[in-house]
Amino acid sequence: MRNITGDISHTSSSGLQSNQSVASPTAISTADDHHKRHIRRFMAVTAAMVLALCAGGITAYARITPAQYLKQAQSLQPLGDDINAISQSVASMGRQLSDSTADSGTQATDAAAAISNAATTFSDHVDAHRKDRLLSRDSTAADKYSAFADTAHAYASAATAYAHTAEPLAAASLACQGAGVTLTVGDNVQFLTDYGSYLDSCSAALDALDSADSADSTDQSAVSASQQWSESTRKFVSSQRATLTALQQMGSTSDMPLDTFSTYLTKLGTLSAASAPDATQTLQSWSSTLTSLDPAESLHEVESYLYQQSAR
């Protein structure tokens, strides 16, 4: 009889042959970890590829073509015309300030309005270009344009202040130089009365100029020059008024004693020989201020950069 017990001893309770191996829990865990690491590695590589593709797409999208740089540079050219318009209006005002004819008062008013309008137009155009898309994509161009915009606004502000001050300055210059004043000849009493009216007009014009100066603080050196001219002209008015008062107290020359008449003529000569200071120095101060703030060079730097990029 066969030894059944011995045969059974070679068979596991599960029906498997003893020479068949069964994976242990430790082996299964190791295989799972390896599989998971493989999946994570695959996902990381895939993510890197996606990011690289996205970055490439963004770079391609952000790249500015030479034609776009050229178009941007050309779009800024009208700003140069705006600067020239302000300069020409300021030069026109300067001519009116140096002109002592009565008509120059109206012309100075027109010139002041032209300066203000040109400065406003310039500022608006400068601000409009801040929104240009190319400037948001090229930080170097944006920085250069921002620096230009700062100088542009300073220039426009100074030009506007000049227009506000130059008009009363022109009026004061005309009034204090006696433009349009008629002095009666033959009747010394009326002559002295007319001269007194001239001094009153000059003083009123100086008051208006001082009010304009106190309201403007854009450039203290230019305002200071205007105030200095006003102060020196007020001294002239004060001195002339003192001489005028002395002459008026002598009465009419028609019945004036000879010795009094001799004194009268001396004082009249003093009155007639004196003249109000002109506004040339003040004008030069304003001109120097505007020249120092001229943004043309800063604009040129922006344009040069853009043209250089367009030639790559």
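Buried residues account for 33% of the 312 residues in the protein chain. Keep in mind that this is a predicted model.

View 1. You'll find 12 helices and zero strands in the protein chain. Walk along the sequence and the pattern reads α-α-α-α-α-α-α-α-α-α-α-α. Now for how the chain meets itself: take the contacts between residues at least 6 apart in sequence, and 80% of them join residues at least 24 apart.

**View 2. Here is the largest nonpolar core, with 40 residues.** Which of its residues touch the most other members? They are Phe122, Tyr145, Phe148, Tyr162 and Leu306.

**View 3. Zoom in on Phe148 and look at what surrounds its contacts.** Skip the neighbours within four places in sequence, and Phe148 is in contact with Leu79, Phe122, Val126, Pro295, Ser298, Leu299 and Val302. Phe122, on that contact list, is also among the core residues that touch the most other members.

**View 4. Helices H7 and H12 pack against each other.** Two packed helices are described by the angle between their axes and the distance between the axes. For H7 and H12, the axes come within 8 Å and cross at roughly 165°. Angles over 145 degrees count as roughly antiparallel, so H7 is roughly antiparallel to H12. The crossing of H7 past H12 is left-handed. On the H7 side, the residues that meet H12 are Thr140, Ala141, Lys144, Tyr145, Ala147, Phe148 and Thr151. On the H12 side, look for Ser298, Leu299, Glu301, Val302, Tyr305 and Leu306.

**View 5. H7 has another partner to show you, H11.** How do the axes of H7 and H11 cross? They come within 9 Å and cross at roughly 165°. H7 and H11 are therefore roughly antiparallel to each other. H7 passes H11 in a left-handed crossing. From H7, the contact uses Thr151, Ala154, Tyr155, Ala158, Ala159, Ala161, Tyr162, Thr165 and Leu169. From H11, the residues are Thr282, Leu283, Trp286, Leu290 and Leu293. Spot Thr151 here: this H7 residue also turns up in the meeting with H12.

**View 6. H12 packs with H3 too.** The axes of H3 and H12 are 7 Å apart, and the packing angle is about 155°. That angle is why H3 and H12 count as roughly antiparallel to each other. H3 passes H12 in a left-handed crossing. Pro66, Tyr69, Leu70, Gln72, Ala73 and Gln74 in H3 meet a set of H12 residues: Glu303, Tyr305, Leu306, Tyr307, Gln309 and Ser310. Tyr305 and Leu306 are in this set, and both also meet H7.

**View 7. Take a look at His129, in helix H5 (residues 104-129).** Is His129 buried or exposed? Its relative accessibility is 14%, so His129 counts as buried. The side chains of His129 and Asp132 are joined by a polar contact of 2.7 Å. The His129 side chain also reaches the backbone oxygen of Ser75, at 3.4 Å. Setting aside residues up to four places away in sequence, His129 touches Gln72, Ser75, Leu76, Leu79, Leu135 and Tyr145.

**View 8. Asn188 sits in helix H8.** Asn188 is buried, with a relative accessible area of 8%. A polar atom of its side chain lies 3.0 Å from the backbone nitrogen of Thr253. Leave out the neighbours within four places in sequence, and Asn188 is in contact with Gly251, Ser252, Thr253 and Tyr264. Asn188 and Leu247 are 59 residues apart along the chain, yet their C-alpha atoms are separated by 9.3 Å.

**View 9. Ala212 is found in H8 (residues 188-215).** Ala212 has 19% relative accessibility, and buried means under 20%, so Ala212 counts as buried. Beyond its neighbours within four places in sequence, Ala212 is in contact with His164, Thr165 and Pro168.

Key: Residues numbered from 1 in each chain as written. Predicted model: local features only at pLDDT ≥ 70, side-chain atom pairs only at ≥ 80, totals over all residues. Heavy atoms only, no water. Helix = DSSP H or I, 4+ residues; strand = E, 2+ residues; numbered from the N terminus. Buried < 20%, exposed > 50% of the residue type's maximum accessible area, 1.4 Å probe, protein only. Polar contact = N/O pair within 3.5 Å; in protein donor to acceptor, adjacent residues only side chain to side chain. Contact = heavy atoms within 4.5 Å. Core = buried A, V, L, I, M, F, W, Y, C linked by side-chain atoms within 4.5 Å. Axes fitted to C-alpha atoms, helices over the stretch in contact; angles between N-to-C directions. Parallel < 35°, antiparallel > 145°, perpendicular 65-115°, else oblique. Left-handed = near helix turned anticlockwise from the far one by under 90°.
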